[in-house]
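Let's walk through this fold together, strand by strand and then helix by helix. Keep the 3D view open as you read.

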Amino acid sequence: MKLYWSPRSRSFTTLWLMEETGQPYERVLTDISTGANKTPDYLAINPMGKVPALVDGDVTMAEAAAICAYVVDRYPQARLAPALDDPRRAKYLQWLFFATGCIEPAILQAYLKFEIPTSTAAWGSTTQTFDVLDRALETGPWLLGDDFTAADVAVGAGMNYAIRMFNMVPTRPNFDRYLDACAARPAFQTAAKLVA
Ligand SMILES: N[C@@H](CCC(=O)N[C@@H](CS)C(=O)NCC(=O)O)C(=O)O
């Protein structure tokens with residue numbers, strides 16, 4: 001697999017995930033500060049011209065959370081997702097989609113301070129999204145309890161970015177405990193050094 005990535009970007013999510021699998025992969029530096037993400041060759045991989053993106057044989061794909069889902073299903077031996085017939089798969093998918101569908105816009109709303117009616121905004125509001133996440137992390141250590149999954153990579157990377165890297169939203173005790181647990185993982189540390 002080839003992972004197209006850029007320093008100091010959302011590529012971190014997928015680098016962390018790849019490191020968690022323990023499988024070999026090729027990193028293709030696509031530095032967004034140089035416009036490498038807007039070349040015709042790269043746009044053929046991701047027409048959005050954004051990183052990360054993944055190439056696996058004839059497969060091309062983008063969107064960090066989708067890449068997480070794809071990779072862990074390709075490497076089931078890494079045990080980073082409940083199996084298809086495991087009832088916990090439902091919550092795993094819910095949190096994976098929550099990362100981009102709710103957490104990401106909630107962070108931007110907190111940062112940019114724009115108002116949208118809560119019934120219209122897909123994430124309700126920053127408070128609503130973070131209250132729900134806070135309660136889900138009450139027991140821990142992970143979103144599915146004792147089992148760390150790719151949903152923790154997607155959620156943990158987003159929260160780490162917003163709270164610890166860019167100070168965009170205030171932290172809470174459950175978030176701190178969760179982010180400490182994420183940051184203690186060797187794969188997280190390897191990925192953090194790569195994107196620094
Ligand atoms: N929805 C995408 C967002 C990716 C994204 O926003 N990437 C940013 C870097 S963090 C990017 O490539 N920006 C460069 C640009 O748009 O020119 C995902 O989750 O993968």
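**The sheet and the helices on it**

Strand β1 (residues 2-5) and strand β3 (residues 53-56) run antiparallel and are joined by three bridges. Helices (H or I, at least four residues) and strands (E, at least two) are DSSP runs, numbered from the N terminus, and two strands pair if DSSP finds at least two bridges between them. Before going further, please note that this is a predicted model, where local features need pLDDT of at least 70 and side-chain atom pairs count only at pLDDT 80 or more, while totals for chains, interfaces and linings use all residues. Residues are numbered from 1 along each chain as its sequence is written.

Which way do β1 and β2 run relative to each other, parallel or antiparallel? They run parallel, with four bridges between them. Leu3 stands opposite Arg27 in β2, and Tyr4 stands opposite Val28 in β2. In a regular strand, side chains alternate between the two faces of the sheet.

Now for the helices. β1, α1 and β2 make a right-handed β-α-β unit; a crossover is right-handed if, with the strands pointing away from the viewer, the path from the first strand over the helix to the second runs clockwise.

Helix α1 (residues 11-21) packs with helix α3 (residues 64-74) at an angle of about 10 degrees, their axes 9 Å apart. Axes are lines fitted to C-alpha atoms, for helices over the stretch in contact, and angles run from 0 to 180 degrees between N-to-C directions. That angle makes α1 roughly parallel to α3 (angles under 35 degrees count as roughly parallel, over 145 as roughly antiparallel, 65 to 115 as roughly perpendicular and the rest as oblique). The contact (C-beta atoms, placed from the backbone, within 7 Å) is made by Thr13, Thr14, Leu17, Met18 and Thr21 of α1 and by Ala64, Ile67, Cys68 and Val71 of α3.

Finally, look at α1 beside helix α6 (residues 150-165): their axes come within 9 Å and cross at roughly 150 degrees. That makes α1 roughly antiparallel to α6. Phe12, Thr13, Trp16, Leu17 and Glu20 in α1 meet Ala150, Val153, Ala154 and Ala157 in α6.

Key
Two residues are in contact if their C-beta atoms, placed from the backbone, lie within 7 Å.
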